[in-house]
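Here is a friendly walk through a two-chain model, written for someone who likes to know the cut-offs behind each term. Please keep the viewer open as you read.

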Amino acid sequence: MLISARDIFVEIAGKTLLEAMSFDVAQGDYLCIVGPNGSGKSTLLKTLIAILPLSGGKLTLNAQAISQYRHKQLARLISYVPQSGGNHLSFIVEDYVKMARYSHHHVFSEWQAHDQQVIENALNITECQAFRDRKMSTLSGGECQRVMIAAALAQDTPLLILDEPTAFLDPHHQVAVHQLIRKLNQQHVKTIIEVTHDINHAAQHSQNVLALRDGKCLWQGPAKQFLDADRLQQLYQQAFVFARHPFHDRLIAVADES
Amino acid sequence: MMVVMISPWLDFVAPSSAEIQQMIIHELRIPRVLFAFTAGSGLALCGLVFQAMFRNPLATPFTLGVASGASLGAAISVYSGLSFTILGLSATSLSAFAGALIAISFVYSISRFRFGFSGETLLLTGVAISFFFSSLILFIQYLSNVADSFQILRWLMGSLTVVGYQELKQLLPFVTLTAGVIIYLSRELNLLMAGDEIALSRGVSVKYVRYALFFVTSLCVGAIVALCGPIGFVGMMVPHICRLIIGEDHRYLIPATLLFGGSFLVICDTLARLVIAPAELPVGVITTLLGGPFFLWLLMRYKSRHA
């Protein structure tokens, strides 16, 4: 197992944010984490990249406790795409992507041809070449999100963690980012952990789903079995109706507003 | 720089003898220019680091009250007549350093406590701390005798009056150490600008980098304040102008800020000596006169961008 969580607890200022959570992530897996606001999704991601400490349980990466990794070691294994885009940053796109190579360098090491190749790749895959010389603050939300993903790719890690990568995007760019993530998972054999509110996307594209509610794991299993009326009702306290996709034989869930 | 170089000759229209002039240049002018350059570089570098760490162009050792903390420390040591040296550091330097460190821990813990890094909270905290320390300084001044009180007042205006190389020798190690640490951490500073979470996920040990930077900047501000008094706004104007010209990459920003900060203070000091010659203004008056409007301009810009 790449990541293994056993009975983990996270407490901050006396408040329990994650409770008795256990799950596994295998190499090459695509795990979607879903759940209502405040259910602990972002907390879980932050625990995985050692921003937040565990208060109980065991969380291992390649069979070694995450807390035992040095930040730099961990950064060579896990990269992270945060929720908010980098619109407030005034870096040049290329500089920002280059900065992600930090963990592969020490203070006196020089920029290598290999580094350049990695960032060119990252810019190509995310289609950021067209605006690589622009300031990030001048980009649109979708472009910025792609730059954030490009930077995470430049970190060149086997595991990629994304926190609602499509939250602020229009439908077209949502699809583009979804396709990009799938490509990374299938062609570039990256292990993906993604937090999302898009349950249809989770059910259709990912391999496994972890559903959180109130800091606890409500359900986990293969993505194909995720869409279920009772389960969604329990998860979001909201009724859902289902329809068949007209061209593919798969379910689509829509929140019932009637 | 040309102005600076020839300025020693400017205010001596009627030289009495070549020897005296020689002595003035060697004992007064050159050490003073070097001293001003060192202090200016140090102040500008500390400003640069604060702006990067708090991700706010208005955050500097002065706006956040760190300089007032150092001033209070120094004032206390003057008042109580402390005079000892540890490892070549005077009591004034040490207490200024302690004051700076206390102020910075204060600002940092308050800004971390629940509010996150909101710009307003940070600056208001800084203003509150500045006022608090300033009133304590006034209190000490009130308690002191006339001579001490005048000494504190004169020194609070910020001045670069030095004779010989004594002060330069005291200041140079601090500024060199600070510059060294900051240059060493330039890649980390770049990543800190992108946010703590990003920096952490890229592999920066954010906590240790912050501690190291807080420590050296406090040391540097403490030393400068102890020797020259609080010379305001250099740390805000210089890095900001450098950012506008050079961009956000600290690997280039740091040397640029160092050189520009030094030159800037040398020019301000030359102005201070020439404006009402043969008397001279405290250099802090000049920098604050330039800095006040600059601060307002920056505040408007910052506000309109984040509205």
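## Ground rules

This is a predicted model, so to speak of local features a pLDDT of at least 70 is needed, side-chain atom pairs count only at pLDDT 80 or more, and totals for chains, interfaces and linings use all residues. Residues are numbered from 1 along each chain as its sequence is written, while chains are lettered from A and ligands numbered from 1 in the order in which they are written.

## Two domains in chain A

Chain A is assigned domain 1 (1-77 + 157-173 + 184-222) and domain 2 (86-156); such bounds come from an automatic or database domain assignment. The C-alpha centres of domain 1 and domain 2 of chain A are 24 Å apart. Nine residues from domain 1 of chain A and nine residues from domain 2 of chain A make up their contact, where two residues touch if their C-beta atoms, placed from the backbone, lie within 7 Å.

On the domain 1 side of this contact in chain A there are five nonpolar, two polar and two charged residues. Here Ala, Val, Leu, Ile, Met, Phe, Trp, Tyr, Cys and Pro count as nonpolar, Asp, Glu, Lys and Arg as charged, and the others, Gly among them, as polar.

## An open antiparallel sheet

In chain A, four strands in the order 2-1-4-5 build an open sheet with antiparallel pairing. Strand 2 (15-25) and strand 5 (64-65) of chain A are at the edges with a single partner strand each, so one side of each has no neighbour in the sheet. Helices (H or I, at least four residues) and strands (E, at least two) are DSSP runs, numbered from the N terminus, and two strands pair if DSSP finds at least two bridges between them.

Seven bridges link strand 1 (residues 3-12) of chain A to strand 2 of chain A in the antiparallel sense; among the bridge partners, A:Ile8 goes with A:Met21 in strand 2 of chain A. Helix 1 (residues 41-48) of chain A lies across strand 1, strand 2 and strand 4 (56-61) of chain A, at about 65° to strand 2 of chain A. Axes are lines fitted to C-alpha atoms, for helices over the stretch in contact, and angles run from 0 to 180 degrees between N-to-C directions.

Why is strand 7 (residues 159-163) of chain A described as largely enclosed by the rest of the structure? Five of the five residues of strand 7 of chain A are buried, so the strand is largely enclosed. Buried means 20 or more other C-beta atoms within 10 Å of a residue's own, exposed 12 or fewer, and partly exposed in between, with C-beta atoms placed from the backbone. A:Leu159, A:Ile161 and A:Asp163 point one way from strand 7 of chain A, and A:Leu160 and A:Leu162 point the other way. In a regular strand the side chains alternate between the two faces of the sheet.

Strand 6 (residues 78-81) of chain A runs parallel to strand 7 of chain A and is joined to it by four bridges, with A:Val81 partnered by A:Leu162.

## Chain B and the interface

Chain B has 13 helices and two strands, and 49% of its 307 residues count as buried. The contact between the chains takes 16 residues from chain B and 20 residues from chain A. Helix 9 of chain B gives the most to the chain B side, with four residues.
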